[in-house]
Amino acid sequence: MLRYVLTRFAIWIPSVLVVMLAVYALAFYGAGDPIKLIFLRAPGDVAYNPQRIEAIRESAGLNRPFIEQFGLYIWNLLHGQFGNSLTSGRAVWAMVSAAAPVSFQLALCSIILTAVVAIPLGMIAALNQNSRLDYAILGSALFLWAIPAYVAGPLLMVGLIVLLPGVKVPYGWGGILDIRILLPLIVLSFQPIALIVRQTRAAVIEVLSEDFVRTARAKGVPEIIVALRHILRPVLTPVVTQLGLIMITIVNGAIFVELVFGLPGLGRLTVQALINSDYPVILAITLIGSFLVMVSNLLVDVLYPLLDPRANDSRRSR
């Protein structure tokens, strides 16, 4: 297993470099000069001082060729240096480390909520296939999937204020145990829940046709035991795989959720960095997001043989 994990990390290194190269190229050749933006936001006519603009660009190393800038950035990363923000001058690592715990806690709670809610609903829908209950669960899942986070967030916030006028607006961050986290957590989990409900339902319907399930039912095993002991474990294999993939959906949704509900996480930091063309912050967040998705996929690969021993035997045969 250790050899497998190390091999995966060795394969990921070129992938991360390609992602960083693409983002760096977009930042280098894209529209928007961060140094000019700094001067344009300043009062007076300092924006029309090309000498000062060029001096600051030279001190930040932005006047060097693309390959030289990218190579220097990778060299600094290997030494644990993410650079400084072009707009605030703060260390990028300090800004990211202050915002990352908020996003990580929100993402972890979203995955737990998705698993606790979606897997039972998917099993219930499959065990009652083509019934009204099945149609209601599947229809609700499709409805949730069709609502993006940037629409669901404001609508739920307005609805909460209209229905409960005395309730304060759930805005800001007070920790994972704060009641204000419930609404953004629900909004962030809408699409993942819809995805896992459909995946679980399809997997259960497939398992129901297996011989071991029919044998257990023929022996008179109670339906709850059949569901928990004979159906749940093979169903968890594709579902856990899908839970790893929804990390991308959660990372994308967190950008809008954190902005709408005023959460000081990586999502809001990303929006601010994009508005200010703060390239060092954008690159650092991109690196962290890529690493987070890759680690989640690695955890899925590690859990897969534990849920399905046949996958472990297949890996050994290679």
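**Entry 1: a pair of helices.** I started with α5 and helix α6 (residues 132–145) in this predicted model. I found that their axes come within 8 Å and cross at roughly 140°. I looked up the handedness too, and α5 passes α6 in a left-handed crossing. Which residues meet here? On the α5 side I noted Leu121, Ile124 and Ala125, and on the α6 side Leu133, Asp134 and Ile137. I sorted the residues of this contact by class and got five nonpolar, no polar and one charged.

Entry 2: Next I checked the loop between α5 and α6, where asparagine 130 is found. Most residues other than glycine have a negative phi. Asparagine 130 is not a glycine, yet I read a positive phi of about 65° for it.

**Entry 3: another pair.** Two packed helices are described by the angle between their axes and the distance between the axes, so I looked up both values again. Helix α7 (residues 149–163) and helix α8 (residues 182–208) pack at an angle of about 145°. Their axes are 9 Å apart. I wrote down a right-handed crossing for α7 passing α8. From α7, I listed Ala149, Ala152, Gly153, Leu156, Met157 and Leu160, which meet Leu183, Val187 and Phe190 in α8. The class count for this contact is eight nonpolar, one polar and no charged residues.

**Entry 4: a pocket.** How much space lies in the second largest pocket? I got about 530 Å³. I counted 18 residues lining this pocket, and Val16, Leu77, Phe82, Leu287 and Phe291 lie nearest its centre. What classes do the lining residues belong to? My tally was 18 nonpolar, no polar and no charged.

**Entry 5: where the lining comes from.** I traced the pocket lining back to helices, and α1 (2–29), α4 (66–78), α5 (92–127) and α12 (279–307) each supply at least two residues. I also checked domains: the lining draws at least three residues from each of domain 1 (14–92) and domain 2 (93–316).

Methods: Residues numbered from 1 in each chain as written. Predicted model: local features only at pLDDT ≥ 70, side-chain atom pairs only at ≥ 80, totals over all residues. Heavy atoms only, no water. 1 Å grid on protein atoms, 1.4 Å probe; cavity = no way out; pocket = protein on both sides within 12 Å on 5 of 7 lines; lining within 4 Å. Points joined across faces, edges and corners; volume = space filled by probe spheres on them. Helix = DSSP H or I, 4+ residues; strand = E, 2+ residues; numbered from the N terminus. Nonpolar A, V, L, I, M, F, W, Y, C, P; charged D, E, K, R; others polar. Domains from an automatic or database assignment. Axes fitted to C-alpha atoms, helices over the stretch in contact; angles between N-to-C directions. Left-handed = near helix turned anticlockwise from the far one by under 90°. Contact = heavy atoms within 4.5 Å.
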